[in-house]
Amino acid sequence: MDCGIVTSKTVLLFLSLIFWAAGAALAYVGAYVIRSYDTFDNFIQDRYTLIPAAIIIGISVVMFIFGLVGCCATLRESKFGLSFFFLIIMVVFAAEVTALVFSFIYQDRMNQGLGQSMNEVFNKYGEQKETDAVDILQNKLMCCGVNNYTSWTNTTWFRNHNNTVPLSCCTNSSSTCTGRLDQLDLLNLEGCEVKLENFLRDVLRYAMLVVLGFAIIKFFGMLSVCVITCRTGGRRSGYQPLYA
């Protein structure tokens, strides 16, 4: 058998297995991005930043279904099956590129209005929904206030609670923290805005790297389909060798 065809079939069979593994991985990545954003949804105004995650999950569903198609078409060297598989790979590749483009676009838009929405939520601290959101944010990111711990001095909570900050500002190792500003060694002093922005950027970059890796694999898959289709087509329609 032609070495090029053997290599291409091996690549495509491996790609079929990658389709299933990638489907699971991309589903996890998309869910991780959405879960990370949902954790801090009170502070994020631009919901379009979830578009890449939705595209990623859609891609994962397609990959689960068509991994089997690619495996069967490769083993049988079916021209129709391979052409269909090529179309699938191309559509998924285009979707992954689209997800990457959206990720680049919304990576720069992520911090727009973030500070303003965070100030609004922090100023409503004391109400059930806002209190839970702020406490989760400050505990998870180990931060205090929007810009830093002094941001709390401008809030109603600070004035109504003997000039103290919430206990969620306390460090994890502190058990004697009361939230008073004369106990700075027991408080997280860094602001939450920068930490939240960096956290969301890291989540998006992680998703972008995973999608980019799978997009490169799809590109080589399309090349392999072209090789098998061209070689088998030429072999079936060309001259037959004569043997003595």
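Which pattern do the disulfides of the protein chain follow, with bonded cysteines counted along the chain? Counted in that way, the bonded cysteines of the protein chain pair as 1-6, 2-3, 4-5. I shall return to each pair in turn, after a few words on the model.

The structure is a predicted model, in which local features need pLDDT of at least 70 and side-chain atom pairs count only at pLDDT 80 or more, while totals for chains, interfaces and linings use all residues. Residues are numbered from 1 along each chain as its sequence is written, and side-chain values use heavy atoms, with hydrogens and water left out.

Let me begin with confidence. The score is pLDDT, the predictor's confidence in each residue, from 0 to 100. The protein chain averages 75 on that score, and 69% of the residues reach at least 70. Over residues 236-244 pLDDT stays under 50. For that stretch the model has two contacts beyond four places in sequence, a contact being heavy atoms within 4.5 Å. Where pLDDT is low, the predicted coordinates should not be read in detail.

Next, the overall arrangement. The protein chain has seven helices and zero strands, and its pattern along the sequence is α-α-α-α-α-α-α. Helices (H or I, at least four residues) and strands (E, at least two) are DSSP runs, numbered from the N terminus. Of the 244 residues of the protein chain, 44% count as buried. Buried means under 20% relative accessible area, exposed over 50%, and partly exposed in between, with a 1.4 Å probe and protein chains only. Among contacts between residues at least 6 apart in sequence, 74% join residues at least 24 apart.

I turn now to one pair of helices. Helix α4, residues 114-123, packs against helix α5, residues 128-141, at an angle of about 120°. Their axes are 8 Å apart. Here axes are lines fitted to C-alpha atoms, for helices over the stretch in contact, and angles run from 0 to 180 degrees between N-to-C directions. On the α4 side, the contact is made by M118, V121 and F122; on the α5 side, by E130, V134, L137 and Q138. These residues divide into five nonpolar, one polar and one charged. In this division Ala, Val, Leu, Ile, Met, Phe, Trp, Tyr, Cys and Pro count as nonpolar, Asp, Glu, Lys and Arg as charged, and the others, Gly among them, as polar.

We come back to the cysteines. How many disulfides does the structure hold? There are three disulfides, a disulfide being a pair of cysteine sulfur atoms within 2.5 Å.

One of them joins C143 to C192, with an S to S distance of 2.0 Å. This pair links distant parts of the chain, 49 residues apart: C143 sits in the loop between α5 and α6, and C192 in helix α7. The torsion about the S-S bond of C143 and C192 is about 100°, so this disulfide is right-handed. Both C143 and C192 are buried.

Another is formed by C144 and C169, whose sulfur atoms are 2.1 Å apart. C144 lies in the loop between α5 and α6 and C169 in the loop between α6 and α7, 25 residues apart. The disulfide of C144 and C169 is right-handed because the torsion about its S-S bond is about 85°. C144 and C169 are buried.

C170 is joined to C177, with S to S at 2.1 Å. Is this disulfide left-handed or right-handed? The torsion about the S-S bond of C170 and C177 is about -70°, so the disulfide is left-handed. C170 counts as buried because its relative accessibility is 8%, and C177 is buried, with a relative accessible area of 13%.

G145 is found in the loop between α5 and α6 and is buried, with a relative accessible area of 1%. Beyond its neighbours within four places in sequence, G145 is in contact with F122, Q138, S151, W152, C169, G191 and C192. G145 and C169 are 24 residues apart in sequence and 8.0 Å apart in space, C-alpha to C-alpha.

Finally, two asparagines. N162 lies in the loop between α6 (156-160) and α7 (192-237), and the place of N163 is in the loop between α6 and α7. N162 has a positive phi of about 55° although it is not a glycine, and N163 has a positive phi of about 55° as well. Are these residues exposed or partly exposed? N162 is exposed, at 70% relative accessible area, whereas N163 is partly exposed, at 44%.
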